[in-house]
Structures are given as structure tokens and as C-alpha cells.
Amino acid sequence: MSSLRIKPKVIGLTGGIGSGKSTVATEFAALGVPVYHADERAKILMNMDIELKGKLRDLLGPETYVNGWLNTGFVATHIFADPELLASWNALVHPSVALDFELWLSKQDSIYVVKEVAILYETGGADQCAAVILVTAPKHVRLNRVIERDGATLEQVESRMARQWPDQIKRKKADYVIENEILSETLKQVHQIHQKLTESLAPDQ
Ligand code: ATP
């Protein structure tokens, strides 16, 4: 008997730092949509995937891990100061996350799944998505949110923002744009997008 399983469509969810991706992702999850958090999974894999850990240690040296745990301060200082090193680092991490995602996707049984990724356009990952949702908010709002949430300095948040594409470029490419300022409005937009996706992606009867 042939398998009748239909692979769920992958909907990318992206947005700059502090835009509210995780907040939006939580609402999709509340609607029953499976959500894959690529950045969180990457952090887990960098600590747990033995093969990946070996490659990352080879790239940056023994200080990459302390007692087996990723030395995030050391890593960030080095890779964010050197674009080539950052590219090499990402070239090791991305395939591991891609494999982890495919395995996760193969276990999902829904019309669509949401894949939350901070730098989806920047890495070409949007090409593998059936549609992309961009979450946006004005820069000053995003800065204040992250400073409040992480206790980060203005300079730290601005330097992280500088490594991401500006919203005006991502807006032109996105299939859906969620303006995330007033939370109740954001949640309404999520529900509307969910309804549209459910209708447009439902298999023909
Ligand atoms: P990052 O890229 O840094 O992981 P993110 O895009 O996932 O951020 P969130 O973590 O969802 O953003 O939101 C950033 C902070 O702003 C959180 O503390 C969240 O609770 C808060 N926040 C998100 N949306 C709103 C909103 N509409 N109103 C008020 N606070 C919000």
C-alpha cells in the first residue's frame, strides 16, 4: 500500500531582533500549528550534536567549549568580528539545523508548519518556504523591547540589528506582513493569516 501522507507546507516566520517573532509563533502554536524554532534548535545542536561540536571546535579552537558547553561569549566575540569566520561558522551550523528540521518535518501531520528563523532571507532559506510571514515593528520599539527583555545595551542591540537586512527590503519579498505594535491587533492578524493559509493550502477533496 502506498503512503498517503502529505508533506506539510513550510511557512517561514521571520523578522528583525525584537520584532515579535516568538510572540507570533506562540499564537500559531496556540492555534495548533506545529512550530519549529530554528534559532533555539541551533543553540541545542551546537551543544548536543557531537559531530557538529567537533567541527566547530576545529574551526575556533579548544576554547569554543568549556566543560562541553558552548562558550557563547568567546564565540560571539570572534565570529561577529570577522565576516569570513561568521560565514564559515554558519556553513557548519546550517546543514545540521537543516537535517534536524527535515527529521522534525517528517513527523508532522498538519496542512502547514511554521518555521521561525531570525535570518531567513539573509541565508536564502526563504526559497524553501511555500510562503513567508514577516513580523515588523518600528526600530525604536524593537530596541526598547530587547533592552528590556535581555538587559542588553543600545550598542549591543544595534550591532545585532546591523547584521540583519533592513525591514524595507524584507517587506517587498514577504507574502504576509504582521505589524506588531498593539498585541491584540497582532493576534487578530495571526488568526486571519491562519485562516487564509488553511483555506489555500488544504488539499483538494
Ligand atoms: P529575537 O529576535 O530577539 O528573538 P523576537 O522577534 O522573537 O526577538 P519576541 O521575543 O517575541 O521577539 O519579543 C521581544 C520582546 O517584546 C518580548 O519581551 C515580548 O514579550 C515583547 N513583545 C512582543 N510583542 C509585543 C507587543 N505587541 N507588545 C508589547 N510587547 C511585545
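Colleague: In strand 5, which residue is the bridge partner of Tyr36?
Modeller: Keep in mind that this is a predicted model. Strand 2 and strand 5 (residues 112–116) pair in the parallel sense, over three bridges. Within strand 5, Tyr36 is bridged to Lys115.

Colleague: Okay, and which strands stand at the edges of the sheet?
Modeller: Five strands make up an open, parallel sheet, ordered 2-5-1-6-7. The two at the edges each have a single partner strand, so one side of each has no neighbour in the sheet. Neighbouring strands are turned by 20 degrees against each other on average, ignoring direction. The edge strands are strand 2 (35–37) and strand 7 (176–179).

Colleague: At about what angle to strand 2 does helix 5 run?
Modeller: Two helices are worth a look here. Helix 2 (residues 38–48) lies across strand 2 and strand 5, at about 50 degrees to strand 2. Helix 5 (residues 83–106) lies across strand 1 (9–15), strand 2 and strand 5, and its angle to strand 2 is about 165 degrees.

Colleague: Over to the ligand: how much of what it exposes alone does the protein bury?
Modeller: Oxygen atoms of the ligand sit 2.6 Å from a side-chain N or O atom of Thr23 and 2.6 Å from one of Arg149. Taken alone, the ligand exposes 630 Å², and the protein's share of burial is 71%.

Colleague: Which element gives the most residues to the shell around the ligand?
Modeller: The shell divides into two nonpolar, seven polar and five charged residues. Helix 1 (21–30) and helix 6 (139–150) each give two or more residues. The top contributor, with three residues, is helix 1.

Note on methods: Residues numbered from 1 in each chain as written. Predicted model: local features only at pLDDT ≥ 70, side-chain atom pairs only at ≥ 80, totals over all residues. Heavy atoms only, no water. Polar contact = N/O pair within 3.5 Å; in protein donor to acceptor, adjacent residues only side chain to side chain. Areas by Shrake-Rupley, 256 points an atom, 1.4 Å probe, with all protein chains shown as cover. Helix = DSSP H or I, 4+ residues; strand = E, 2+ residues; numbered from the N terminus. Nonpolar A, V, L, I, M, F, W, Y, C, P; charged D, E, K, R; others polar. Pairing = 2+ DSSP bridges. Axes fitted to C-alpha atoms, helices over the stretch in contact; angles between N-to-C directions. Contact = heavy atoms within 4.5 Å.
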